[in-house]
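This briefing is meant for a reader who is meeting the structure below for the first time.

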Amino acid sequence: MTRVKICGITNLEDALAACGAGADALGFVFYEPSPRNIDIQTAKSILEQLPPFVSTVGLFVNADPGFLRSVLEAVPLDLLQFHGDESEAECSAWGRPYIKAIRMKAGTDLAAQCQTYHSSRGILLDTFVAGQPGGTGQTFNWQAVPKGLSKPIVLAGGLDPSNAADAVRQVRPWAVDVSGGVEAAKGKKDNALMQAFITGVHSVSK
Ligand SMILES: O=C(O)c1ccccc1N[C@@H]1O[C@H](COP(=O)(O)O)[C@@H](O)[C@H]1O
């Protein structure tokens with residue numbers, strides 16, 4: 001079954017609702033300009049109250065190393081998501097499992113990116129929008145994703161309940177990641193949308 005990550009969790013109620021809806025992973029945005037930014041203490045408190053077998057992912061965008069260290073010391077994240085211009089060396093220096101976001105635009109060579117981020121656990125594909133690192137709510141051309149890439153693919157960018165099944169059918173990713181498409185308002189998830197999204201993803205058989 002295609003895994004589902006719900007990103008941009010800012011409160012316990014949404015975290016538990018996402019788990020109840022069947023999310024495999026929850027994402028926490030440690031990036032202050034984002035409306036989904038979360039502080040260390042809130043993230044720590046949420047993680048302490050999660051049920052087992054739900055992965056926790058910390059999202060960073062060109063983070064200051066001191067800040068990233070503070071997060072890692074306080075919050076027991078399972079996986080790091082680097083969503084900026086971090087190099088392979090910067091991503092791997094933390095000795096933690098990580099995925100690297102690639103912002104898709106014409107000419108992006110995904111086979112080369114998989115080689116560049118050779119120590120990543122997977123490559124997350126988001127839509128390129130100038131001046132915005134991610135969370136744009138916009139899709140990209142899924143046909144531009146070649147089959148048989150050397151890394152597991154996490155498909156993101158503008159996914160929502162109406163396009164989730166089609167996205168999975170076309171790209172056949174390892175996992176999908178959604179933020180804005182399951183929100184009632186910026187930073188607040190909608191339970192029914194999360195359930196509909198996960199139902200859509202799971203409706204496509206492997
Ligand atoms: O969610 C954010 O605010 C965010 C900010 C900066 C970088 C990435 C961000 N979110 C990630 O962007 C993709 C797509 O999000 P959306 O579904 O289109 O809203 C997803 O991986 C989020 O984790």
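A185 is found in strand β9, which covers residues 183-185. This residue counts as exposed because it has 8 C-beta neighbours inside 10 Å, where 12 or fewer is the condition for that class. The model is a predicted one, and the mean pLDDT of its chain is 97.

**Confidence and overall chain**

- Of the residues in the chain, 100% reach a pLDDT of 70 or more, and the model scores ipTM 0.98 and pTM 0.97.
- An unreviewed UniProt entry carries the annotation "domain: N-(5'phosphoribosyl) anthranilate isomerase (PRAI)", which according to that record covers residues 4-198.
- A185 and Q113 are separated by 72 residues in sequence, and their C-alpha atoms are 33 Å apart in space.

**Surroundings of the ligand**

- The ligand is surrounded by 26 residues, of which the closest are C7, S34, G134, G135 and G180.
- The elements that give two or more residues to this shell are β2 (25-29), β6 (122-127) and β8 (175-178).
- By residue type, the shell around the ligand divides into ten nonpolar, 13 polar and three charged residues.

**Nonpolar core**

- The largest nonpolar core has 54 residues, and those with the most contacts inside it are I6, A18, L26, F28 and V176.
- Strand β5, residues 98-104, gives this core its largest share, which is five residues.
- Once its neighbours within four places in sequence are left aside, A18 is in contact with I6, I9, A23, L26, K189 and M194.

**Positive phi angles in two loops**

- Most residues other than glycine have a negative phi, which is the background for the two residues that follow.
- F53 has a phi near 70°, a positive value in a residue other than glycine, and lies in the loop between α2 (40-47) and β3 (55-60).
- F53 counts as exposed because it has 7 C-beta neighbours inside 10 Å.
- N62 has a phi near 45°, which is likewise a positive value in a residue other than glycine, and its place is in the loop between β3 and α3 (65-74).
- N62 is exposed because 12 other C-beta atoms lie within 10 Å, and a residue with 12 or fewer belongs to that class.

Key. Residues numbered from 1 in each chain as written. Predicted model: local features only at pLDDT ≥ 70, side-chain atom pairs only at ≥ 80, totals over all residues. Near = placed C-beta within 6 Å. Helix = DSSP H or I, 4+ residues; strand = E, 2+ residues; numbered from the N terminus. Nonpolar A, V, L, I, M, F, W, Y, C, P; charged D, E, K, R; others polar. Core = buried A, V, L, I, M, F, W, Y, C linked by C-beta atoms within 7 Å. Buried ≥ 20, exposed ≤ 12 C-beta atoms within 10 Å, placed from the backbone. Contact = placed C-beta atoms within 7 Å. UniProt positions renumbered as here; feature names shortened; annotations may be inferred. pLDDT = per-residue confidence, 0-100.
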